[in-house]
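The sequence and structure come first.

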Amino acid sequence: MSQQTLEQFTATMLARGFDEVLVREWGAHHVAPDHEHPFDTEAVVVSGEFWLTVGDSTRHLRTGDTFQLGRGIRHAEKYGAQGATFWAARRNPRCTCHGRDQCRDRQSPLPYRVRGRAMRRPVL
């Protein structure tokens, strides 16, 4: 896999239909017990290492490795001695009112995030 920048990763993931990209940083030996998220995610590890457990299967992920998790998939995370950083693209559920990125109840587009800041998805 060739080295890509955060900007390239973000552009690729937004083009693939993801609506937010985050830089996730976790400290040494951090443990996230069994949990789930209300979004789909695809991510690439950019530094460090961690172990991702889904059901009875555990993957040891290192710099350059990628992973995907579907919405509602229960999983746990355990980080190594250096912690880890990964770029995570999220595909949040669409509005049930009309299936688009803008909800009549919210009256604003769903955000995407880069480096933890909420940003509006550009209108094409």
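The side chains of N92 and D19 make a polar contact of 2.6 Å (a pair of N or O atoms within 3.5 Å; within protein, one must be able to donate a hydrogen and the other to accept it, and residues adjacent in sequence count only if both atoms are side-chain atoms). The model is predicted: local features need pLDDT of at least 70, side-chain atom pairs count only at pLDDT 80 or more, and totals for chains, interfaces and linings use all residues. Residues are numbered from 1 along each chain as its sequence is written, and side-chain values use heavy atoms, with hydrogens and water left out.

**Around N92**
- N92 sits in the loop between β6 (75–91) and β7 (111–114) (strands are DSSP runs of E, at least two residues; helices are runs of H or I, at least four; both are numbered from the N terminus).
- A second polar contact, 3.1 Å, links the side chains of N92 and E20.
- Leaving out residues up to four places away in sequence, N92 touches D19, E20 and F39 (heavy atoms within 4.5 Å).

**Salt bridges**
- The whole structure has six salt bridges (a side-chain nitrogen of Lys or Arg within 4 Å of a carboxyl oxygen of Asp or Glu).
- R90 pairs with E20 in a salt bridge, with the closest N and O atoms 3.7 Å apart.
- R90 is in strand β6 and E20 in strand β1, so this pair ties together parts 70 residues apart in sequence.
- E20 counts as buried at 4% relative accessibility (buried is under 20% relative accessible area, exposed over 50%, partly exposed in between; 1.4 Å probe, protein chains only).
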